[in-house]
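Trainee: I have the structure open and would like to go through it with you. Where do we begin?

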Amino acid sequence: LVPGAAPRLFLNGRASVQALPATEWLTRDGDAEDFPSLVEARDGTLWSAYQSYDGKADRVHARRARSDPEPVSEAGGDVFRTAIAQDRDGRIWVVWSAQLDGNFDLYARAFDGRRWSSIERLTTAGSADIYHVLASDAAGKLYLAWQSARSGNFDIWMRVLDGAKWGPEIQVSTAPANDWEPALAVAPNGAVTVVWDSYAKGNYDVVARTWRNGQLGPVFPIAESGAFETRAVAQYDRQGRLWIAWDEGDWNWGKDYGYQIGDRGRGLLVRRQVRVAVLENGRLSQTAAPISDAVPEDLRQVFQHPNLVLDRNGNPWVFFRTRVNLPQGEGRGAFRALWRLCGTTWREGRWSPMMEFPEGHGRIDMAAATVSRRNGDIAIAWASDGRVWPAGRPLEQDLAFASIPSGPAGAPPRLTAYAPPA
């Protein structure tokens, strides 16, 4: 029995046993750690980066395997998220967003095997540069994408590191509406696709654009219905197909609603579910069995914030957060829900029954970081603040880690034509 396998039933189905990954703590020092990122170096060393809060200010740290954490940013900062990758010269780059003088910009440092470089400022716009992601191709080029509030709205921007120096800023999106939270996917042929969600049509859609041979291709849609479609993540498989997962909500999400309001909108979390699709030769497909089948019915209405990764045998894994409602208390100390990290993989013609991670509880936006390792395992790290049912109050916040063995090689998922939400 291994993680991802179907549970074994006992007592005529009244009891079940499911394999879960063993959890260990990356941090346990009294500070509040958050927003981890992972990369496996070419020598097999697993690196992590994260931010910590000591009760007064933030600081970014990096860690090689289980060695002691190394401070990367200056002490006393105001930091938002980390990203980590290795370049062609073997340097480990850590990028973070930090607020100075009322503005968030991106900063970076690189480790060359002996020492850390000086801090390099990567953006200088007079508006926020946030939600950054970092990826490397097979040749060691680094690609950095983020959203920047220029020209009165958020757009997606990109820079490329090809050697010792970062190239110029490249504007990826140009819609007059806000564009949010980019993701990067590197294809086997060296192309790099940037995926993000856009409000260009008056509702959130998932769109993409591919960088190939030093040029950006046209913007193309992934999910463009009238429903809420956001927070996309993506990865190419060995066949060059683009796997994408995103959050899907109802039509008219977040619009006004109430008594005697025509064309009533929908509340923010009335429905929020992960969708998975595959793009090949311009055609979008979906798995024959929906990922929602993996989620117990009482949790199926709201499961969100996906992280998608393919293991060594090409099996897709999707990690997400489920909402657990709490008994309704009164007063400022009452919490209405807690969120738990869960996951599923494609196995034997369907998405495997959802597994719940030990120590996986936390707030709504505690996304996991994953990387597929050379030995076939999937490494996953996440923040957990110790809250449990029924109180749901945050306690000590630390980073947890697990290693999941690659699933067996099997028949690839059967795909059917993508069906947009009705």
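**A hairpin, a core and a sheet**

Mentor: Begin with the hairpin of β23 and β24: two residues lie between the strands, and Asn281 takes a positive phi near 55°. Strands here are DSSP runs of E, at least two residues long, and helices are runs of H or I of at least four, numbered from the N terminus. This is a predicted model, in which local features need pLDDT of at least 70, side-chain atom pairs count only at pLDDT 80 or more, and totals for chains, interfaces and linings use all residues. Residues are numbered from 1 along each chain as its sequence is written, and side-chain values use heavy atoms, with hydrogens and water left out.

Trainee: How many bridges join β23 to β24?

Mentor: Three, and the two strands run antiparallel. Two strands pair if DSSP finds at least two bridges between them. Leu279 has Leu284 of β24 as its bridge partner.

Trainee: What about β33, how does β24 pair with that?

Mentor: In the antiparallel sense, over three bridges, with β33 spanning residues 415-417. Thr287 stands opposite Leu415 there.

Trainee: Is β24 mostly covered or uncovered?

Mentor: Mostly covered: four of its five residues, 283-287, are buried. Buried means under 20% relative accessible area, exposed over 50%, and partly exposed in between (1.4 Å probe, protein chains only).

Trainee: Gln286 is in that strand. Why does Gln286 count as buried?

Mentor: Because its relative accessibility is 17%. The Gln286 side chain also makes a polar contact with the side chain of Arg275, at 2.8 Å. A polar contact is a pair of N or O atoms within 3.5 Å; within protein, one must be able to donate a hydrogen and the other to accept it, and residues adjacent in sequence count only if both atoms are side-chain atoms.

Trainee: New topic. Which residues touch the most other members of the largest nonpolar core?

Mentor: Val274, Val276, Ile291, Leu308, Val318, Phe320 and Trp351, out of 20 residues. Such a core is a set of buried Ala, Val, Leu, Ile, Met, Phe, Trp, Tyr and Cys residues joined through side-chain atoms within 4.5 Å. Strands supplying at least two residues each include β22 (242-251) and β23 (273-280).

Trainee: And the other core?

Mentor: It is separate, has 18 residues, and includes Ala191, Val206, Ala208 and Ala234.

Trainee: Last one. What is the strand order in the open sheet of four?

Mentor: β8-β9-β10-β11, paired antiparallel. The edge strands are β8 and β11, each pairing on one side only.
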